[in-house]
Amino acid sequence: QVQLVESGGGLVQAGGSLRLSCAASGRTVSSYVMAWLRQAPGKEREFVAVISRSGSTTYYADSVKGRFTISRDNAKYTTYLQMNSLKPEDTAVYYCAADPSTSDYTSYNYWGQGTQVTVSS
């Protein structure tokens, strides 16, 4: 069983930066592909970024490419999402997820509780 706990969310002005962290329990977490997804009010949850087990491969949604960076430190069982040049449309609850169950990276076997990110204009 893997437990995921996100932190680092908050209120930031447009153009600012935040770094989200996802702390995972369990020594096996390094064997999982990790990802970040988000859900804005009134919208469906959407994929943001994914990172391979070793951290050598990453993939991003077009809406965040060039602004967000996903990374992981397997020694610390932690996955990060560095968010730069934030826009009001980035406002959402951000979820950390592990072990994708579908090939389109929208469904996962393990989820965190989410952390709120609010970007003011």
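Predicted model: local features only at pLDDT ≥ 70, side-chain atom pairs only at ≥ 80, totals over all residues.

Me: Which residues have the most contacts inside the largest nonpolar core?
Reply: Strands β3, β4, β5, β7, β8, β9, β10 and β11 each supply at least two residues of this core. The core has 37 residues in total, and those with the most contacts inside it are L4, M34, W36, L81, M83 and Y94.

Me: Is N109 buried, partly exposed or exposed?
Reply: N109 is found in strand β10. Because buried requires under 20% relative accessible area and exposed requires over 50%, the computed 46% relative accessibility of N109 falls in between, and the residue counts as partly exposed.

Me: With which side chain does the side chain of N109 make a polar contact?
Reply: Leaving aside neighbours within four places in sequence, N109 is in contact with A98, D99 and S101. For one of these residues the side chains themselves make a polar contact, at 2.9 Å, and that partner is D99.

Me: How much space lies in the largest cavity?
Reply: A search of the whole structure finds one cavity of 30 Å³ or more. Its lining is formed by V29, M34, R72, D73, N74, Y77, T78 and T79, with β7 and β8 each supplying at least two of the lining residues. By class, the lining has three nonpolar, three polar and two charged residues. The space in this largest cavity is about 40 Å³.

Technical notes. Residues numbered from 1 in each chain as written. Heavy atoms only, no water. Core = buried A, V, L, I, M, F, W, Y, C linked by side-chain atoms within 4.5 Å. Buried < 20%, exposed > 50% of the residue type's maximum accessible area, 1.4 Å probe, protein only. Helix = DSSP H or I, 4+ residues; strand = E, 2+ residues; numbered from the N terminus. Contact = heavy atoms within 4.5 Å. Polar contact = N/O pair within 3.5 Å; in protein donor to acceptor, adjacent residues only side chain to side chain. 1 Å grid on protein atoms, 1.4 Å probe; cavity = no way out; pocket = protein on both sides within 12 Å on 5 of 7 lines; lining within 4 Å. Points joined across faces, edges and corners; volume = space filled by probe spheres on them. Nonpolar A, V, L, I, M, F, W, Y, C, P; charged D, E, K, R; others polar.
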